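Biologist: I would like to learn how to read side-chain features in a model. Can we go through a few together?

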Amino acid sequence: MAPSKLNSTDPHGNGDTSFSSSQPDNGSSDSLTLFHSEKAVQELLQQTPIQQTDDHLIEFSEALRTVAKALRRAAEGKASAQAEAAEWKRRFELERARNQQLEHKGKSPGECNTDIDAQRVENSTNQPMQRNETNELSENCSTNGLCSHEILHDGETDSQAKAVPNRIMKKASFKLSWRCKGDISDQHKHDIVSFERGNITAAGRSSKQISLKWESDPQTVLIMTKPNSTSVRILCAEMVRWLKEHKKLNIYVEPRVMGELLSESSYFNFVHTWKDEKEVLSLHTKVDLVVTLGGDGTVLWAASMFKGPVPPIVPFSLGSLGFMTPFYSEHYRDCLDSVLRGPISITLRHRLQCYVIRDAAKNEYEMEEPILVLNEVTIDRGISSFLTNLECYCDNSFVTCVQGDGLILSTTSGSTAYSLAAGGSMVHPQVPGILFTPICPHSLSFRPLILPEHVTIRVQVPFNSRSPAWASFDGKDRKQLAAGDALVCSMAPWPVPTACQIDSTNDFLRSIHDGLHWNLRKTQSFDGPRDL
């Protein structure tokens, strides 16, 4: 009997329809037919092909059972991952809301300007100020420029300032303004975009150069130097002597430099320093100007001393590369005299504010202290031989999964540092943005990105990562990121103002020409073939 004959069943499973329909309608014939059919089925079950078919069906059913188990595990893993992603999103949203609330706790610029102008007029006249005079002065300040207290104001009252024993004098105030090259007016243009008669036009604010003008004479200078350099030590002692004798300024130095100066001569007893971390945190309330003697690393070190507002920095080039050090030490007298006299052009170098959130944190407030970086934060694989596996999010949007040696989140000031070596673009330091640069990605299509400055970036080590990752901040403070840990980065509200020799664009172009020999090529000969 052919096996195909058994398979010709009707939809109700009644066997061979053609065979049953041809039989007479009597009981004996039906019984005989069933007897022969059962006998035929038994014979077929004893045949080898049917046994082989049963074996294959058993194997196929076991395979289906295995696939079902795998699909069930995949569904459970997907549900767990979605739950974890929702939890991280909730933590991230709460953290961002908390940061916004903390930022909104401070005074608004209008209130700050009113308090400052009221105090200034009261000190000059010693009489009560009328309400209309206060409004007039406040409007004048907010129209003509940004007061220094909008950046450097620390919330102290005069009584609190007098209670600090180490406070020498009141900080010098200054004004920031935007101006075009050759423009006499220092009028600050607040409107970035104007809307008139249905037309949207840009105000061209990004083309303005930032200028700093002192409203009162600077009184205190902090000098920071590169260690283990004889030439820097000699120059520092000479500069301290000149600033004290010719400019009558109060000088602050690091404890290390203080020991070097006193070991050289007891003449430097007038120099001030700090004793503990608490005094370091209050430096911005005492110092009007910071002078660095070294390279870009010294500028990074000086910026790291200030966890909040940063006084203007005058960087002198005494290192190997100087993308942020436009001033030459040979002419320090003329440079400092010009800076102290003002006005000067400055570059506002943005910083990144980084938080490490551990997977073991019970809530969004259990996080480590924020870390401020001026160049970049790097997440790499450390000593592990495995590729890094990093999930990256921009605000609420998934960006990509990094598989390679690591990832660099850089400021535009750091675009000429590690990010440049990893294939990132060079960006003008006053362009507000965050560079997203992969390190040796295992993908031919993974190109660097430049993201806007208002976004928040979260980099998380997934739970299925083969090894932990390591984060370093401006090349130091290395931290391990285990599975489930995340690094959250956003633009810090306190930039680093550095003085320019000419202006921000000129200093930037000169630095990439002199430091990197950018596009340096032998000029093509003029005596070759020409177009007729």
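This is a predicted model: local features need pLDDT of at least 70, side-chain atom pairs count only at pLDDT 80 or more; totals for chains, interfaces and linings use all residues.

Biologist: What do the side chains of Glu93 and Arg96 form?

Modeller: The general idea comes first. Side chains of opposite charge can pair when their charged atoms come close. Here Glu93 and Arg96 meet in a salt bridge, 3.8 Å from N to O. Glu93 is partly exposed, at 29% relative accessibility. Arg96 is partly exposed too, at 25%.

Biologist: How many salt bridges are there by this rule?

Modeller: The count is 12 salt bridges. One of them joins Arg333 and Glu238, at 3.1 Å from N to O. This pair links distant parts of the chain: Arg333 is in helix H12 and Glu238 in helix H8, 95 residues apart. Arg333 is partly exposed at 38% relative accessibility, and Glu238 is partly exposed at 34%.

Biologist: Which residue forms a salt bridge with Glu260?

Modeller: Arg233 does, with the closest N and O atoms 3.6 Å apart. Arg233 is partly exposed, with a relative accessible area of 31%.

Biologist: Which residues do salt bridges that share partners join into one network?

Modeller: Arg233, Glu254, Arg256 and Glu260.

Biologist: Now Asp474. Where does Asp474 lie, and is it buried or exposed?

Modeller: Asp474 sits in the loop between strand E20 (469–473) and strand E21 (476–481). It is buried, yet has no salt bridge. The nearest side chain of opposite charge is Lys476, 5.0 Å away.

Biologist: Which backbone nitrogen does the side chain of Asp474 reach?

Modeller: That of Asn375, at 2.8 Å. Leaving aside neighbours within four places in sequence, Asp474 is in contact with Leu300, Leu372, Val373, Leu374, Asn375 and Glu376.

Biologist: On to the rings. How many aromatic pairs does the count give?

Modeller: The count is 7 aromatic pairs. A pair of aromatic rings is described by the distance of the centres and the angle of the planes. Take Trp242 and Tyr332: they are edge-to-face, 6.0 Å centre to centre, with 85° between the planes. Trp242 is in helix H8 (residues 230–246) and Tyr332 in helix H12 (residues 332–341), so the pair ties together parts 90 residues apart in sequence. Trp242 is buried at 10% relative accessible area. Tyr332 is buried at 2%.

Biologist: What is the geometry of the aromatic pair Phe316 and Phe327?

Modeller: That pair is tilted, 5.9 Å centre to centre, with 50° between the planes. Phe316 is in strand E9 (residues 313–317) and Phe327 in strand E10 (residues 327–328), so the pair ties together parts 11 residues apart in sequence. Phe316 is buried at 0% relative accessible area, and Phe327 is buried at 5%.

Biologist: Which residues form one aromatic cluster?

Modeller: Tyr267, Phe268 and Phe270 do.

Biologist: Last one. Which rings does the charged end of Arg458 sit over?

Modeller: One is the ring of Phe92, with the charged end of Arg458 5.8 Å from its centre. Another is the ring of Tyr393, at 4.3 Å from its centre.

Notes: Residues are numbered from 1 along each chain as its sequence is written. Side-chain values use heavy atoms; hydrogens and water are left out. Helices (H or I, at least four residues) and strands (E, at least two) are DSSP runs, numbered from the N terminus. Buried means under 20% relative accessible area, exposed over 50%, partly exposed in between (1.4 Å probe, protein chains only). Lys and Arg count as positive and Asp and Glu as negative; His and the chain ends are not counted. A salt bridge is a side-chain nitrogen of Lys or Arg within 4 Å of a carboxyl oxygen of Asp or Glu. A polar contact is a pair of N or O atoms within 3.5 Å; within protein, one must be able to donate a hydrogen and the other to accept it, and residues adjacent in sequence count only if both atoms are side-chain atoms. Contact means heavy atoms within 4.5 Å. Rings of Phe, Tyr and Trp (its six-membered ring) pair if their centres lie within 6.5 Å; planes under 30 degrees apart count as stacked, over 60 as edge-to-face and the rest as tilted. A charge sits over a ring if NZ of Lys or CZ of Arg is within 6 Å of the ring centre and within 35 degrees of the ring normal.
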